[in-house]
Every structure is written in structure tokens, then in C-alpha cells.
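I keep these notes as a record of what I looked up in one model, entry by entry. The sequence and the structure come first.

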Amino acid sequence: MKEEDIKKLSDLSRIKISKKEINEFTKQLSDILDYVNKVQGYKFIAQKYKSDDEITELREDKVINKDNEDLIKQFSDQDGKLLKVKKIL
Amino acid sequence: MEEFTINIIKEGLEDKEFSCQELVQECFSNIEKDKLNDFITLFKKQALQQAQDVDEKIASNQKLNSLEGIPVAIKDNILIKGERVTAASRMLENYIASYDAKVIEKLRDKGAIFLGKTNLDEFAMGTSNETSYFGPVLNPHDETRVPGGSSGGSAAAVAARHCVFALGSDTGGSIRQPAAFCGVVGFKPSYGRVSRYGLIALSSSLDQIGPLTNSVEDSAIVFNSILDQDQNDMTTIKPDKVNISRIKEGMGNKVIGFPKNYYKLSIDQEIKDGFENVLQELKGMGIKTKEVDFSFMDEALAVYYIIQPAEASTNLARYDGIRYGFNKRDAQDLLESYLTNRDLGFGKEVKRRIMIGTYVLSEGYKDAYYNTAKRVQQDIKFRFQKMFKNVDAIILPTTPSTAFKLSEKFNDPLTMYLADIFTVAVNIAGLPAISLPMVKKPLPIGLQVIGNFMDEQNVLNIAYNLEQNFKFINDVE
């Protein structure tokens, strides 16, 4: 990995990182990605697989009326019961 | 008290040997005195009030519920309504849970007393409890060493008798590895046995909640108390309780598998010696053993460090400080607020894993990494199915070393990841597994018992028999 790859990744992840972190992470992430590349060398033993997904019953599409005061209290910014955010457009 | 286990404590309460208030007060005194930093939040007032209610019930000769009066610690990534839940992160430092996790509801119903929330690696990412925003936890056996992670606080609290049992969560070994480092029992049920409703998600296809206890029997009791088929968690399966009397029966003709060429594994000599002793014990008990092919452990770890960060990057995308959580409040626009809140809210390890996850899911790399990992995962499940046709359970050491020193591995993430090499394959395949102490001095060493999917009854039976037959040096006090 190169430093510009790390910078691109941090942008994609929506996390600002410092120059020091870019430096550190370049080596660390390269090592980690080298290791996980081992999956490429894996020897498969089976040809086909049976699906083992159990079908769970779905519940009724009914609103369970919940008091949302606890959630609204934790908004970073609000206008009455509405969440206020920075301009999007 | 010789044993700090559920039934012994219950007897003591019912026989009025000590009061519930004395018991709970003793737990809090030890927590304060020992300074292990194993708790992030303590519920002193509530717990002592609950203890008083229990004492009144005992005084009026009423029968206690199954876990009534038992002091319990809960990992701080499990929600308790109205209480702070931090995931050991600055991002959620002041976040208040708006509902009870399903496991909390169930323990509450049975009368358990919650002492507080235990420390963990940030967002459950770690193997040493050193990535916590609230500082590291110390190993009660040697305070210069780590307790393991990510459920380090829970493991330390159980080992130090700060509680009778604790709940932890296990995604790649986070219950079993700290249990091994701290000399306690740590049990991860099959994927889907315990509802994840109210567990702060790390890797949704791998996470499972489970107990940390002082005995195998206790882990069975707690498992029976928390398992559930929950409409709020669509991945939950049939809640088959285990039969505790049958767990205590002999192993009969069961065959135990162990890794072929285990002596060639990259593990410390003391671990090899401990494991060799276990194989001798089994011989002495007349139990048949059989070699199994565990040569795919490296690839299992690689699969894990692709799937887990990928799922984590998705699960942690919700944390932007806007609806809740850390918000620096000086951003000019929306993008800047995301970048800043997540930069300041998350620690280094969390950032690393989100970035790895983002990478392996990105255009051009997803097929090579993520899709390949999913295919290999299916094959690993198949390998285990094949193994369990010939053996009833597989044993191997839980960890490649004993508890390492604080800061020893902290700056080398890859070395840290390798600490999980014996535990991750279990999560990849969704199997049940338990770690119990096979050596206690000078440092604890854990033995892992892995069973087939949904085969908790069998895993606990084998673990119980091993526990009864191990010869221990005295417990740590």
C-alpha cells in the first residue's frame, strides 16, 4: 500500500487521519493485507455446498408504538422533535 | 469461600450465612480495592437496593428465583435501558441506552443483580483490552500483564471475585481468550443460540454473547438463562436448553479429536506441556483420542480478518455523532462533521479495521478478498462437518501464549491478531466452544473444547469431565 492509498481509504471511510497516522497505517495495513492474502492459497476440499439457511418466521408488519423521548434527547442538534443537520445541498 | 459459584452463593444466601447486601458490598469493596480498571460504570445504589429487596424476601422465607441475589457484571457493549453504554469508546462516552438487550431482560427476570458495565477493547476490537478509551484492564494474576480481550474486564472481574459471573461477547475469541489469560471458564454458544438484540454489533455474522464463570456448571446455568429464539434477532435458532444432570455424567465412548502435529505449532513451550498433560490425562481416563487435520488455521485467521473488518466497517458507519454520540460541533459542513467526529471519536484500532473493511469491500478488490473469504468460509464449515463425523469434540490450547505484558504487542497489530489464531475458526464456522483452565500457576493456561453446531450439551459434558479430572494447584486469591 502507498500513502495515497491510505489517504483514499480514509476518505472512503469518512475518517480524517493525521500525517503520522497515514505513515503508521501504510506499513501496518500493508502487513495485514499481505497476511490476509493467504486466502488465495487455500485448498478447497468440497465441490458443492448445501445451503444451511434456516427460514425464520417473520413477524407482523405492525408498529409497536415506542416512546422516542430517549432518542430525541441524544440528538446533537434539534428543532423541536426534529433532528437538525448541516446543509446537505 | 472455596468456590465462588452460583449454587454455593445461593445456598449461602438461603442458609443466611451472609446477607445479599454483605455480598454485594463485598464485591464493590473488592472492585475499589483491587484497582484493575475492570469496570467502566458501577451501579452501586441500584445494586444495593436490589440486594436489600432480596434480603427482605429471604427474611420472609420466600423462595428465590433461579439467579436472584447473584451479582453479575455486564460487558459494556450490551445495552441496559437508561444506563450509559460506551463500547469503551469516546464515540459513545455519554450515550444512554434506550432499551434492554434481550439477555438483560432475561437475567432481570431471574433476579440477577447488575453490579456495573465492564471494560473492553474499543467496540470489541482487540485481544488485550488495551484499546479501550477508558484505559487498559490489569490481569488479576499479574498486574503487569494483560487480561486478554476484548472481554478483558469481564474475565478479570470473574477471576478477581468482583462478581459471580459476567457476560461477554465473542466474535473471534473475545470470551475464550481472556478467560484463558485470567484462569476462568469462558463459553461461546453456537451462532444463533443467544439473541444479539441489544448487543452493539461488531461483525453480525460472527458475534455471540456468552458467559464467563468460575465453573463449567455455572456456564451451563447461565447459558440456559440467556438463550432464546428472539423475534428481534432473525439469526436466532431453536433455544434448546442443556440438561445439567446429564452434563455431569461420564463421557462414555466419546472420541476426542486433537490437532495433528500439535507439537509443531508455533506456541510457547508451557502451552505445549500443558496440552501434552491433558492428552495423558485423557489416556488415563480411558478416553479415545484421534488426530484431526487443523492445518487450515492460518487461512481461517485470514478469512476472519477479511470478513470481520468488512462487517465492522458497515456496522460502524452509523457512528457520525449526528443522531447521537461524539460531536465536535465546530464543523463547517456535513462532510467535515463526519470526518472530524469519526477521527476524534474512534481510536486507532477501530480506524484500522474500518479502513481494512472498506478496502476489502471496495470496487476491484471485493472479489479477490471478500467474496473469496466467503467461499473459503463455506469450505471451513464443511471441513468441520467432516471432522465431527469421526470425533465428538475437538480440543486444543485456547491461546498460543500465556498473558503477555502490557504494551508488549500494542504497536504491532498483526502480532496482536495472531493471538486469536486458535479461536477464530470457531466463529467462522458458527460452532460452540468453551475455554477452561488446564493450568493455573504461574500463569493460567486455557484448554478449548469445540463441538459441532448446536451441540452445547456434548461440549459442556466433556468440559465438565475434564474440569473434574484436572489436578490444580491452589486458586489465586
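I am working with a predicted model, in which local features need pLDDT of at least 70 and side-chain atom pairs count only at pLDDT 80 or more, while totals for chains, interfaces and linings use all residues. Residues are numbered from 1 along each chain as its sequence is written, chains are lettered from A and ligands numbered from 1 in the order in which they are written, and side-chain values use heavy atoms, with hydrogens and water left out.

**Chain A, overview.** I find 3 helices and 2 strands in chain A, running α-α-α-β-β from the N terminus on; helices (H or I, at least four residues) and strands (E, at least two) are DSSP runs, numbered from the N terminus. Of the 89 residues in chain A, 27% are buried, where buried means under 20% relative accessible area, exposed over 50%, and partly exposed in between (1.4 Å probe, protein chains only). Chain A exposes about 7300 Å², with carbon and sulfur atoms supplying 51% of it; accessible areas come from the Shrake-Rupley method with a 1.4 Å probe, and for residues only the protein chains shown count as cover.

**Chain A, surface patch.** I looked up a nonpolar patch on the surface, formed by Leu83(A), Val85(A), Ile88(A) and Leu89(A), which together have about 440 Å² of accessible area. Val85(A) lies in the segment after strand 2 (82–83) of chain A and counts as partly exposed because its relative accessible area is 40%.

**Chain B, cores.** The largest nonpolar core has 117 residues, among which Phe123(B), Phe384(B), Ile395(B) and Ile434(B) touch the most other members. Helix 10 (residues 297–315) of chain B gives the largest share of this core, 11 residues. A second, separate core of 53 residues includes Leu23(B), Val103(B), Ala112(B) and Ala179(B). By nonpolar core I mean a set of buried Ala, Val, Leu, Ile, Met, Phe, Trp, Tyr and Cys residues joined through side-chain atoms within 4.5 Å.

**Chain B, helices 7 and 16.** I note that 11 of the 11 residues of helix 7 (residues 216–226) of chain B are buried, including Glu217(B), Asp218(B) and Asn224(B). In helix 16 (residues 456–469) of chain B I looked at Gln457(B), which counts as buried because its relative accessibility is 18%. The side chain of Gln457(B) reaches the backbone nitrogen of Asn243(B) at 2.6 Å.

**Chain B, backbone.** Most residues other than glycine have a negative phi, and most peptide bonds are trans. Where did I find exceptions? The peptide bond from Gly149(B) to Ser150(B) is cis, with omega near 10 degrees, and Ser150(B) sits in the loop between strand 3 (113–118) and helix 5 (152–159) of chain B. Another cis peptide bond joins Lys441(B) and Pro442(B), with omega about 0 degrees. Lys35(B), with a positive phi near 50 degrees, is exposed at a relative accessible area of 61%. Asn61(B) has a positive phi of about 55 degrees and counts as exposed at 64% relative accessibility.

Methods
Patch = residues over 30% accessible without salt bridge, like charges linked within 9 Å, V, L, I, M, F, W, Y side chains within 5 Å. Salt bridge = Lys/Arg side-chain N within 4 Å of Asp/Glu carboxyl O. Polar contact = N/O pair within 3.5 Å; in protein donor to acceptor, adjacent residues only side chain to side chain.
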